[in-house]
Amino acid sequence: MFKFLKSKLSQFIPKLNRLVIVRHGESDFNIGNRFCGWHDAPLSAIGVKEALTVAVPALLQSKLEFDVVYTSVLSRSRETADMILSNMNCSYVPVKEDWRLSERHYGNLTGERKREVANTYGEDQVMQWRRAYDVAPPPIEETNRYYYTICSNPIFDEVPPGHFPNSESMHMCVERVAPMWQEVRQELLKGSKVLMVVHGTVARALVQLIEGLSNDAIEKINIANCVPRVYEFDLTTGKLIGGGINLGNPDYIKRKVAEVAAIGQ
Ligand SMILES: O=C(O)[C@@H](COP(=O)(O)O)OP(=O)(O)O
């Protein structure tokens with residue numbers, strides 16, 4: 001009898017759980033193809049539209065629900081998270097902000113247009129700064145117009161002493177995201193349905209940590225704004241089932257990924 005009941009009840013215990021990762025909508029700096037990093041650029045009008053017309057319909061169509069949302073302290077990711085929740089009629093879901101999910105710090109490139117930097121230093125150098133795993137851009141200087149707004153921004157008050165970067169490589173970003181990912185993974189494996197609304201480099205760092213991609217492989221990955229990427233985990237073994245799945249129109253996603261990869265005009 002006990003065995004029978006146990007096997008009946010086990011049918012109702014979830015055996016897998018899903019994680020969803022979304023890069024925020026287009027920011028004011030993405031429009032002009034400017035390096036943004038730790039500068040707190042707001043969403044553009046297109047970014048707001050992307051949250052409402054790309055992320056929300058894809059999540060609703062896949063019948064995804066959330067118990068908790070993780071995001072960074074930067075407004076482009078927080079605003080995207082808020083818009084997704086309110087338009088899925090679940091604004092009650094708690095949102096946890098953490099500085100470790102902020103975009104990689106783009107050093108003295110912050111505020112520069114990628115095309116203009118390429119005209120000065122060459123496209124190869126720009127691609128090294130953007131995608132090479134171990135290359136950090138030159139450190140931000142006091143003469144950079146965003147230097148003081150970044151280092152005095154109260155959103156970064158939780159950054160521990162000695163951890164405030166002046167530039168970061170992909171590798172450095174992965175190192176700060178990794179402990180955060182372990183915290184989120186524990187929640188997921190307890191059955192909590194998690195949405196992470198983050199940034200291009202942080203999404204790439206998560207993809208590497210989750211899928212175990214090599215440093216060379218992750219250099220070639222680009223993430224489009226507001227396209228949800230879903231991962232499924234086996235709750236018994238804790239293992240990833242299959243790979244990540246991008247939700248939405250494949251042609252749209254392909255076009256947007258190519259735009260991110262390009263240095264732009
Ligand atoms: O900081 C930035 O400029 C972009 C990424 O730029 P790339 O690494 O693609 O050049 O980050 P996001 O818009 O996702 O916050």
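This is a predicted model: local features need pLDDT of at least 70, side-chain atom pairs count only at pLDDT 80 or more; totals for chains, interfaces and linings use all residues.

Q: Is E103 buried or exposed?
A: E103 is buried, because 26 C-beta neighbours lie inside 10 Å. The cut-off for buried is 20 or more.

Q: What is E103 in contact with, leaving aside its neighbours within four places in sequence?
A: C36, G37, W38, L74, H199, G200, T201 and V202.

Q: Which residues does the UniProt annotation "active site" cover?
A: H24 and E103, according to the UniProt record, which is an unreviewed entry. They are spread over 80 residues of sequence but cluster in space, with a largest C-alpha distance of 10.7 Å.

Q: Where is H24 found?
A: H24 lies in the loop between strand 1 (16-23) and helix 2.

Q: And is H24 buried or exposed?
A: Buried. H24 has 32 C-beta neighbours inside 10 Å, so it clears the cut-off.

Q: What does H24 touch, not counting residues up to four places away in sequence?
A: L43, G47, R76, S77, T80, V197, H199 and N225. H199 is also on the contact list of E103.

Q: Now the ligand. Which residues come nearest?
A: C36, E103, R130, H199 and G200, out of 14 residues around the ligand.

Q: Which elements give two or more residues to that shell?
A: Helix 2 (28-31) and helix 9 (200-211).

Q: How do the shell residues divide into nonpolar, polar and charged?
A: Five are nonpolar, six are polar and three are charged.

Q: How many Å separate the C-alpha atoms of A205 and Q182?
A: 13 Å, and the two are 23 residues apart along the chain.

Q: Change of topic: backbone angles. Which residue other than glycine has a phi near 65°?
A: That is C226, and the value is positive. C226 lies in the loop between helix 10 (215-219) and strand 5 (229-234).

Q: Is C226 buried or exposed?
A: C226 is buried, because 26 other C-beta atoms lie within 10 Å.

Q: What about K63, what is its phi?
A: About 55°, again positive, although K63 is not a glycine. K63 is in the loop between helix 3 (45-61) and strand 2 (68-71).

Q: Is K63 buried or exposed?
A: Exposed. K63 has 6 C-beta neighbours inside 10 Å, and 12 or fewer counts as exposed.

Q: Where is R145?
A: R145 is in the loop between helix 6 and helix 7 (147-151). R145 counts as exposed, because it has 9 C-beta neighbours inside 10 Å.

Q: How far apart are R145 and L109 in sequence and in space?
A: 36 residues in sequence, and 11 Å in space, C-alpha to C-alpha.

Q: Zoom out. How many helices and strands are in the chain?
A: Eleven helices and six strands.

Q: And why is the chain as compact as a globular protein of that length?
A: Because its radius of gyration is 19 Å, close to the 18 Å that the globule rule gives for 265 residues.

Q: What does the C-alpha trace span along its principal axes?
A: About 75 × 40 × 35 Å.

Q: What share of the residues counts as buried?
A: 38% of the 265 residues.

Q: Last one. Among contacts between residues at least 6 apart in sequence, what share joins residues at least 24 apart?
A: 79% of those contacts in the chain.

Note on methods: Residues are numbered from 1 along each chain as its sequence is written. A residue is near a molecule or strand if its C-beta atom, placed from the backbone, lies within 6 Å of it. Helices (H or I, at least four residues) and strands (E, at least two) are DSSP runs, numbered from the N terminus. Ala, Val, Leu, Ile, Met, Phe, Trp, Tyr, Cys and Pro count as nonpolar, Asp, Glu, Lys and Arg as charged, and the others, Gly among them, as polar. The radius of gyration is taken over C-alpha atoms; the globule rule is 2.2 Å times the number of residues to the power 0.38. Two residues are in contact if their C-beta atoms, placed from the backbone, lie within 7 Å. UniProt positions are given in the numbering used here, feature names are shortened, and annotations may be inferred rather than shown by experiment.
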